[in-house]
Amino acid sequence: MNYTVVLPAAGSGKRMKADKNKLLLELFGKPIFVYTLEVFQNDPACDAIWLAIKEEERGVIESYVAKYGITKVKGYAQGGMERQDSVRACLEAIPPCGVVLVHDAARPFIASRVIASLVEEAAHKGAAIAAVPVKDTIKKAAGGIITETVDRNQLWMIQTPQAFTYELLLKAAQSANEAGFIGTDEAMLVERIGHPVHIVESTYENVKMTTPEDLIYGKAILESRTQEELT
Ligand SMILES: Nc1ccn([C@@H]2O[C@H](COP(=O)(O)OP(=O)(O)OP(=O)(O)O)[C@@H](O)[C@H]2O)c(=O)n1
Ligand SMILES: C[C@](O)(CO)[C@H](O)COP(=O)(O)O
């Protein structure tokens, strides 16, 4: 099953504390978002890549897309105030398709096998998201005092990609916008309209480049891969 991928890339990167969009920071000489683009460029099942970007960054982004030969980039949409606004702008710009995948441009280490599983699951069930089991004990607290230890067996750390049939996600995104509902991922918008969302187990390497420490982990992941994958 083929798919279109939407990459929200219009954030400010505040937690990264860098002097520019964190997606333009380089790991071994290549910008973070280019690693992400290359995953989808190299996936035969990916028909098209759409990015939500800041208009003022269009020139630099287009230059990298050309430099690295990312021919599957079919268009750009203007990013919005919230991440979900950026995603919705892309959804409303892309031609209708079967399955749409939403993936943070800040997650460059997604495994192709996870993408394939997500697309298959979404094609049959409508909605599927990447997740990994929680590794730490999670507790609730109020005023600095523990109030509850949450059963870890029912907890997942949710990632992207998040895959959906196009019509379902567009309906959920437009409904949330009309209601002024803001979610932290697309799954919340689909849950909100009562559609079941399925989990596909991902990898712990699929980390979102969010804070400076994540860059250290990202470099270690790249160094652990074979040399030819770095070129
Ligand atoms: N209004 C926004 C906010 C985020 N994103 C994108 O959504 C992904 C995940 O968001 P996050 O990691 O939170 O990025 P930032 O919002 O840039 O980070 P911060 O919250 O630290 O500012 C990133 O690829 C980011 O570029 C976006 O397209 N539009
Ligand atoms: C969508 C997401 O990556 C799933 O974990 C996460 O919710 C994005 O949060 P952010 O604060 O917008 O990075």
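In which strand is isoleucine 158 found?

1. Isoleucine 158 is found in strand 10, which covers residues 156-165. The model under review is a predicted one. With a relative accessible area of 37%, isoleucine 158 is partly exposed, because partly exposed covers the range between under 20% (buried) and over 50% (exposed).

2. Isoleucine 158 also contributes to a nonpolar surface patch, together with Trp156 and Ile199. The accessible area of these residues together is about 250 Å².

3. Strand 10 also holds proline 161. The peptide bond between threonine 160 and proline 161 is cis, with omega at about 10°.

4. Helix 3 (residues 83-93) packs with helix 5 (residues 166-179) at an angle of about 130°, and their axes are 10 Å apart. Helix 3 is therefore oblique to helix 5. The crossing of helix 3 past helix 5 is left-handed.

5. Lysine 17 is not a glycine, yet has a positive phi of about 55°. This residue is placed in the loop between strand 1 (3-8) and strand 2 (26-27). Lysine 17 counts as exposed because its relative accessibility is 70%, and the cut-off for exposed is over 50%.

6. Phenylalanine 28, a residue other than glycine, likewise has a positive phi, near 50°. Its location is the loop between strand 2 and strand 3 (30-31). At a relative accessible area of 45%, phenylalanine 28 is partly exposed.

Methods: Residues are numbered from 1 along each chain as its sequence is written. Chains are lettered from A and ligands numbered from 1 in the order in which they are written. This is a predicted model: local features need pLDDT of at least 70, side-chain atom pairs count only at pLDDT 80 or more; totals for chains, interfaces and linings use all residues. Side-chain values use heavy atoms; hydrogens and water are left out. Patches are made of residues with over 30% relative accessible area and no salt bridge: like charges are joined within 9 Å, nonpolar side chains (Val, Leu, Ile, Met, Phe, Trp, Tyr) within 5 Å. Accessible areas come from the Shrake-Rupley method with a 1.4 Å probe; for residues, only the protein chains shown count as cover. A salt bridge is a side-chain nitrogen of Lys or Arg within 4 Å of a carboxyl oxygen of Asp or Glu. Helices (H or I, at least four residues) and strands (E, at least two) are DSSP runs, numbered from the N terminus. Buried means under 20% relative accessible area, exposed over 50%, partly exposed in between (1.4 Å probe, protein chains only). Axes are lines fitted to C-alpha atoms, for helices over the stretch in contact, and angles run from 0 to 180 degrees between N-to-C directions. Angles under 35 degrees count as roughly parallel, over 145 as roughly antiparallel, 65 to 115 as roughly perpendicular and the rest as oblique. A crossing is left-handed if the near helix is turned anticlockwise from the far one by less than a right angle, and right-handed if clockwise.
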